[in-house]
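Here is a short briefing for a reader who is meeting this protein model for the first time. Please keep the sequence and the structure in view while you read the points that follow.

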Amino acid sequence: MIKQQNKQWRNNDSHSSIRRMVLQILCIFFYLISWVANSELLQGITNGSLCPDHVPYDKPAFLSYFSYNYMMISFVFVYPYAKFRRRCSLPYYLTVIWPGRIGFRKAVLACAFISYLLLALNILYIVGLHRISVGMSNAIFQLQTPFTMGLSVLLLNDKLVASEGLGVIVSLIGVCFILMPLFSKESETEEPSNVGDWS
């Protein structure tokens with residue numbers, strides 16, 4: 001009887017782990033699709049293909065500022081999460097649970113720094129879309145891997161594994177193969193576009 005219960009518990013654990021893994025994979029796919037769709041939308045707005053009369057809306061700073069401040073609406077989901085999931089009051093969640101060990105003041109400062117950094121990065125990304133396509137930007141985006149590994153070794157004291165280094169080299173070669181035809185094609189067919197006012 002005990003063996004059957006243990007076997008049933010193991011089966012339930014394996015099924016739940018499989019469900020969690022499938023859910024995580026679906027979340028990653030949804031993130032990738034949403035990120036690419038957002039990039040296509042930004043490029044369509046800045047080059048005018050998605051605007052009325054195809055007039056470009058060349059305001060990357062305003063687009064970034066509006067998009068990041070618009071996310072403040074998602075704050076309404078914090079209250080039901082704190083009440084029904086965490087089963088605590090909203091002030092207790094914001095001042096104790098959310099900041100964790102670093103404290104409320106340091107958590108707010110860290111989030112503010114990250115928010116302004118992301119705002120600046122998004123402005124640079126939108127400006128970059130004036131000249132290159134989303135496909136090329138995604139290929140260039142993959143160059144973050146060697147920088148991530150290098151900074152993790154320097155700042156976090158992580159150990160560099162030989163297999164990881166080999167994977168980075170292979171990925172860089174793949175990015176080069178993707179970018180070379182795009183650069184040659186755009187240099188032949190397109191003229192540089194001027195970036196308008198940022199605000």
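**Overview of the predicted model**

In this predicted model, buried residues make up 19% of the 199 residues in the protein, where buried means under 20% relative accessible area, exposed means over 50%, and partly exposed lies in between (1.4 Å probe, protein chains only). Residues are numbered from 1 along each chain as its sequence is written, and side-chain values use heavy atoms, with hydrogens and water left out. Because the model is predicted, local features need pLDDT of at least 70 and side-chain atom pairs count only at pLDDT 80 or more, whereas totals for chains, interfaces and linings use all residues.

**Fold and contacts**

- The protein has eight helices and zero strands, with helices (H or I, at least four residues) and strands (E, at least two) taken as DSSP runs and numbered from the N terminus.
- Read from the N terminus on, the elements run α-α-α-α-α-α-α-α.
- Among the contacts with a separation of 6 or more, 58% are between residues 24 or more positions apart, a contact being heavy atoms within 4.5 Å.

**Surface**

- The accessible surface of the protein comes to about 15,700 Å², and 69% of that surface belongs to carbon and sulfur atoms; such areas come from the Shrake-Rupley method with a 1.4 Å probe, and for residues only the protein chains shown count as cover.
- A nonpolar patch on the surface is formed by I18, M21, V22, I25, L26, I28, F29, Y31 and L32, which together have about 880 Å² of accessible area.
- Patches are made of residues with over 30% relative accessible area and no salt bridge, with like charges joined within 9 Å and nonpolar side chains (Val, Leu, Ile, Met, Phe, Trp, Tyr) within 5 Å; a salt bridge is a side-chain nitrogen of Lys or Arg within 4 Å of a carboxyl oxygen of Asp or Glu.
- One of the patch residues, I28, is found in helix α1 (residues 2-47) and is exposed, with a relative accessible area of 51%.

- G44 is found in helix α1 and is buried, with a relative accessible area of 4%; leaving aside neighbours within four places in sequence, G44 is in contact with S49, L50 and C51.
- N122 has its place in helix α5 (residues 104-128) and counts as buried at 14% relative accessibility, and, not counting residues up to four places away in sequence, N122 touches L42, S64, S67 and Y68.

**The largest pocket**

- About 760 Å³ of space lies in the largest pocket, and of the 19 residues that line this pocket, the closest to its centre are Y68, M72, C111, A112 and S115.
- A pocket is an open set of points on a 1 Å grid over the protein atoms alone, where a 1.4 Å probe fits, with protein on both sides within 12 Å along at least five of seven lines, and lining residues have an atom within 4 Å of a point.
- Grid points are joined across faces, edges and corners, and a volume is the space filled by probe spheres set on the points.
- Helices α2 (60-70), α4 (90-97) and α5 each supply at least two residues of the lining, and α5 gives the most, with eight residues.

**Loop residues with a positive phi**

- Most residues other than glycine have a negative phi.
- D53, which lies in the loop between α1 and α2, has a positive phi of about 60° although it is not a glycine, and D53 is exposed, with a relative accessible area of 73%.
- N157, in the loop between α7 (144-155) and α8 (162-189), also has a positive phi of about 60° without being a glycine, and N157 is exposed at a relative accessible area of 65%.
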